[in-house]
Amino acid sequence: MTAAADPARAAMLARIQNALGRGAPSEEQRRRVLQRCAAPSANLIPARGRENDRIAQFIAEAERVNATTERLAGWSAVPAAVAETLAAAGLPPRLRMVDDARLASLAWPAGLAVATGKSVDGDRASLAIAFAGIAETGTVMLLSSPSSPATLNFLPEMHIVILPEAVIVGAYEDAWANLRAALGVGVMPRVVNWITGPSRTADIEQTLLLGAHGPRLLHILLLAEA
Amino acid sequence: MPCASDTCRHRPLIQPGVQVILNRMHDEQLTVGLFVTCLVDLMRPSVGFAAVKLLENAGCRVVVPAQQTCCGQPAFNSGASVEAKTVARQVIEAFRDVDYVVAPSGSCAGMIKTHYPELFADEPARAAAVAALAAKTYELTSFLVDVLRQKPAAGTYPVAATYHDSCSGLRELGVKAQPRYLLSKLEGLSLTEIPSAETCCGFGGLFCVKYTDISAKMVDAKVDDIAASGAKLVLGGDMGCLMNIAGRLQRRGLAVEVRHVAEVLAGSADDAPAIGESDVRP
Amino acid sequence: MQSKAHTFTANARAALADEPLQAALARFQGGFPVKRRAAIDRLPEFDALRDAGKAIKDATLANLDIYLEQFEAKVIAAGGHVHWCEDADAARQTVIDLCREAGAKTITKAKSMIGEEIAINEALAAAGFTPIETDLGEYIIQLRDEAPSHIIVPAVHLSKEQVAESFRAHHRDLPAERPLSEPQAMLDEARAILRQAFLTADVGITGANMLIAETGSTVLVTNEGNADLTQTLPRMQIVIASIEKVVPTLEDAATVLRLLARSATGQELSVYTTFTTGPKRGDDLDGPAAFHVILLDNGRSRMLGGPFAEMLRCIRCGACLNHCPVYSAVGGHAYGWVYPGPMGSVLTPNLIGLAGTSDLPNASTLCGRCEEVCPMRIPLPRMLRQLRQDAFASGGGPKPMRAGLAAWAFVAGRPWLYRLATGLGVRILGLLGRRHGRFRRLPGASGWTAVRDLPAPAGRTFQALWTERNGARR
């Protein structure tokens with residue numbers, strides 16, 4: 001059914017317009033209102049989104065919500081760090097990771113089985129690359145794409161996220177600005193995930209438990225190298 | 001400053017503090033209309049006299065308009081706005097000519113100050129009178145501290161006490177620090193805060209008789225906190241809450257007295273037994 | 001869901017006598033309020049953010065039609081579908097049709113209050129489908145065939161023993177003697193069972209915390225990650241959202257998100273905040289092939305122009321429930337329908353009518369704590385009073401109360417009569433109560449004396465004594 005021919009749609013819009021005390025908006029009215037969407041601007045950004053040492057702030061906030069963090073010099077240190085993280089968590093040396101040239105070119109240890117693709121049942125650990133880190137709440141921001149399927153962020157028990165320190169921003173608004181700079185205004189990846197700590201629930205007697213449906217462990221590798 | 005200024009006659013235009021200074025400069029007494037409140041009038045006149053004493057000691061001339069009965073809140077909160085207006089119009093008339101209206105209750109003062117303008121929103125002809133009344137209406141302890149800039153009460157009152165913040169006073173009028181400040185220098189009086197000081201006691205006007213069971217559960221939470229605090233006296237600024245708390249304490253056989261803060265501040269606590277207590281020797 | 005709000009008083013009485021429930025409520029109390037306070041103490045701009053949040057919602061509602069059409073256009077541009085549904089019936093039918101179209105066998109669901117509002121699970125079951133709730137709390141109450149008792153912690157009324165009992169009753173394939181005394185064991189069991197549901201689901205149904213007009217995105221927050229698995233794994237995703245969920249931009253969403261979790265659970269942000277825009281794209285390896293958004297009105301456009309329009313700012317954080325002394329006393333089920341607590345007492349009469357729900361706005365002391373904590377500064381007490389007025393004006397309320405108020409107004413409106421009547425009354429009661437200072441029982445005052453003593457009046461009114469004193473002065 002085309003939008004114009006949908007009676008429910010027409011009735012709902014008419015009731016709204018009636019409640020607002022006006023008829024259907026003119027093109028001019030519409031354009032003026034939608035200016036807010038065409039040229040989005042930030043509302044109040046709290047001071048904690050404007051701290052100087054964003055890296056320290058990011059680490060402190062992420063760890064407050066039970067994420068673990070580790071600072072690495074650069075990409076070449078990733079394979080060993082991943083292998084150690086899996087071993088320390090008692091997980092088998094198998095990894096599902098995003099399809100990324102920077103990762104593919106690394107020297108992965110022989111004992112670590114590395115695969116790309118979407119996550120499937122049985123995957124115990126995954127590795128993804130953050131588009132941004134948001135210091136105000138220790139949040140990592142991940143974008144879905146053919147090379148970075150969203151399932152990687154949710155199915156495995158352990159989620160390892162690479163976060164280049166250069167992409168750590170102060171506030172959510174900075175992350176949106178960077179996303180628009182990358183993709184354009186009004187354009188979104190299919191899924192944008194903001195992840196703040198590992199999965200949890202407190203649904204039984206308010207007892208906090210980690211690893212409800214998503215990963216029980218969130219380990220963030222901060223890379224000094226961009 | 002010459003006294004002939006016309007502005008002296010237009011009190012609502014002047015900030016409360018400024019008005020007090022002007023009056024003092026002019027050696028003119030402030031006229032305060034006491035809004036007695038129906039519960040004080042009927043149940044506990046000692047609170048009214050304590051309020052009068054506090055206001056007179058602060059240099060005010062106190063008048064008690066005889067046309068007042070109730071502020072109309074029971075009807076207003078029951079959705080009976082016509083009935084509420086009948087009573088509220090009387091209050092507007094009765095207090096037209098005083099400088100300030102003071103009530104020993106955050107609930108009644110809140111009704112006049114914040115809800116009369118809502119109640120009469122559909123009567124623009126009355127808007128000015130309602131706004132003027134609202135602007136000059138205060139809860140007692142707030143008036144003493146915020147307008148009259150009174151110092152803490154002097155004297156001795158040796159007791160472990162706690163304070164219940166009544167909801168309307170607290171949330172509609174910002175009454176929180178004022179009574180505590182006025183109590184702060186009373187020798188021997190120690191004030192212990194209970195965790196639920198700001199939680200509703202379950203009175204809620206007609207609520208407490210319409211939803212008795214829920215109200216009982218709410219006041220029990222309050223009473224449990226009071227008992228755990230070790231306080232032997234509960235103070236507050238609203239007779240409704242105080243009667244509810246006292247009544248439940250007594251029903252549960254807990255030996256904690258309950259009083260309106262004005263009685264303690266005025267040094268007149270000996271004038272009447274605590275709420276629900278008797279001065280008749282068995 | 002059939003409303004049981006008309007038996008509120010009886011529901012409340014039963015709730016007060018329900019020991020496991022009272023134990024659960026006692027456990028619940030204090031938790032969220034304390035955490036909320038701590039979170040706000042870490043964010044000095046919180047009150048200013050409340051103002052910003054309110055401004056965003058007000059600005060959106062003032063042009064709701066334009067933002068909804070913009071949202072729709074962006075969803076379509078991203079390859080999704082938008083269904084406008086005027087009421088619960090239409091929404092239910094649309095969901096059922098879509099599930100049929102998808103040839104659904106397994107349907108997973110992530111907690112959605114709109115889903116509760118339109119009773120989608122019952123409708124799907126009646127149409128032959130078996131929706132599986134995946135939020136742990138919702139899963140538990142689904143097993144027990146109960147409604148949520150809280151809008152963000154649906155199983156807050158239950159003890160772990162009750163949960164264990166339900167798991168044993170329903171998970172019959174598991175060894176009967178397995179240990180289930182601790183929440184961790186129950187979570188592990190639920191996780192394993194629900195993982196299979198996620199992996200086999202054909203349709204995933206979620207709600208939305210917000211809709212973004214700028215991008216056509218739906219925003220969903222969870223802590224468990226269940227909503228992400230619900231929406232990523234099946235072939236079709238259906239988002240059910242009410243029309244007031246739309247906000248203009250990503251920045252506006254960010255502002256609301258700064259308020260939401262802090263107000264709800266005292267978290268700074270929920271663990272998973274997911275912005276979803278349309279179905280799986282060309283080379284994507286996962287995600288649903290079909291993406292549908294249902295825009296539900298169900299009475300909201302009617303609220304928009306009236307005295308309850310501000311209620312449409314509600315972001316369903318639950319702060320008003322968490323801080324409500326009445327909710328704390330009786331829990332959520334007593335309210336009898338989908339939305340409990342102060343927000344429910346305003347919303348329920350607006351959505352299903354005041355007839356049969358007028359106890360809800362009356363069962364409040366108007367203590368104002370809900371408005372004090374509401375991140376969207378919704379004047380809940382004013383709205384509760386407005387509903388009382390509406391109910392009174394249409395002849396509602398118990399007859400004795402109406403008669404009493406009329407009599408009271410007659411007397412209180414005539415000061416001379418009032419003095420006469422009250423003077424006489426307090427004199428008699430003063431004499432009767434003088435010895436004990438209070439009454440344990442008093443005819444006509446049983447609502448009071450059933451649970452508390454009634455102080456005896458002093459015997460003379462203040463007005464009488466004042467007149468005497470001033471006469472003496474003169």
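Here are my notes, in the order I looked things up.

**Ground rules**

This is a predicted model, where local features need pLDDT of at least 70, side-chain atom pairs count only at pLDDT 80 or more, and totals for chains, interfaces and linings use all residues.

**Chains**

I asked which chains share the most contacts. Of the two pairs of chains in contact, A and C do; contact means heavy atoms within 4.5 Å. Chains A and B do not touch, and I found their nearest C-alpha atoms 20 Å apart.

Then I turned to chain C. I noted 24 helices and 12 strands there; these are DSSP runs numbered from the N terminus, with helices being H or I of at least four residues and strands being E of at least two. The C-alpha trace of chain C spans about 95 × 60 × 45 Å along its principal axes. Of its 474 residues, 65% count as buried, meaning under 20% relative accessible area, with exposed over 50% and partly exposed in between (1.4 Å probe, protein chains only). Among the contacts in chain C with a separation of 6 or more, 72% are between residues 24 or more positions apart.

**Helix H9 of chain C**

I picked C:Ile140, which sits in helix H9 (residues 136–143) of chain C. Is C:Ile140 buried or exposed? Its relative accessible area is 0%, so C:Ile140 is buried. Leaving out residues up to four places away in sequence, I see C:Ile140 touching A:Ile204, along with C:Ala155, C:Leu158, C:Val163 and C:Phe167. I also checked C:Asp87, 53 residues from C:Ile140 along the chain: their C-alpha atoms are separated by 28 Å.

The rest of the helix came next. Seven of the eight residues of H9(C) are buried, so the helix is largely enclosed by the rest of the structure. Those buried include C:Leu136, C:Gly137 and C:Leu143. What covers them includes strand S10 (200–201) of chain A, together with H7, strand S3 (130–133), helix H10 (160–170) and H11 of chain C.

**Helix H11 of chain C**

I tested the length of H11 (residues 183–200). The expected span is 1.5 Å times one less than the number of residues. For these 18 residues that should be 26 Å, and the end C-alpha atoms are 26 Å apart, which agrees. Its buried residues include C:Pro183, C:Met186, C:Leu187 and C:Phe198.

**Two helix pairs**

How do H17 (residues 341–352) and H20 (residues 380–393) of chain C cross? Their axes come within 10 Å and cross at roughly 40°; axes are lines fitted to C-alpha atoms, for helices over the stretch in contact, and angles run from 0 to 180 degrees between N-to-C directions. H17(C) and H20(C) are therefore oblique to each other (under 35 degrees is roughly parallel, over 145 roughly antiparallel, 65 to 115 roughly perpendicular, the rest oblique). Among the residues that meet, I listed C:Pro342, C:Met343 and C:Val346 from H17(C), and C:Leu380 and C:Leu384 from H20(C). The contact residues of H17(C) with H20(C) divide into eight nonpolar, two polar and no charged. Ala, Val, Leu, Ile, Met, Phe, Trp, Tyr, Cys and Pro count as nonpolar, Asp, Glu, Lys and Arg as charged, and the others, Gly among them, as polar.

The contact is made by residues including B:Asp220 and B:Lys222 of H12(B) and B:Arg248 of H13(B). By class, I have five nonpolar, two polar and three charged residues for this contact of H12(B) with H13(B).

**Single residues**

C:Ala119 has phi near 50°, a positive value in a residue other than glycine. C:Ala119 lies in the loop between helix H7 (113–117) and helix H8 (120–126) and is buried, at 8% relative accessible area. C:Arg377 also has a positive phi of about 50° although it is not a glycine. I found C:Arg377 in the loop between helix H19 (369–373) and H20 of chain C, partly exposed at 26%.

Last entry: A:His219, in strand S12 (residues 217–223) of chain A, counts as buried at 8% relative accessibility. Beyond its neighbours within four places in sequence, A:His219 is in contact with residues including A:Thr68, A:Glu70 and A:His159.

Notes:
Residues are numbered from 1 along each chain as its sequence is written. Chains are lettered from A and ligands numbered from 1 in the order in which they are written. Side-chain values use heavy atoms; hydrogens and water are left out.
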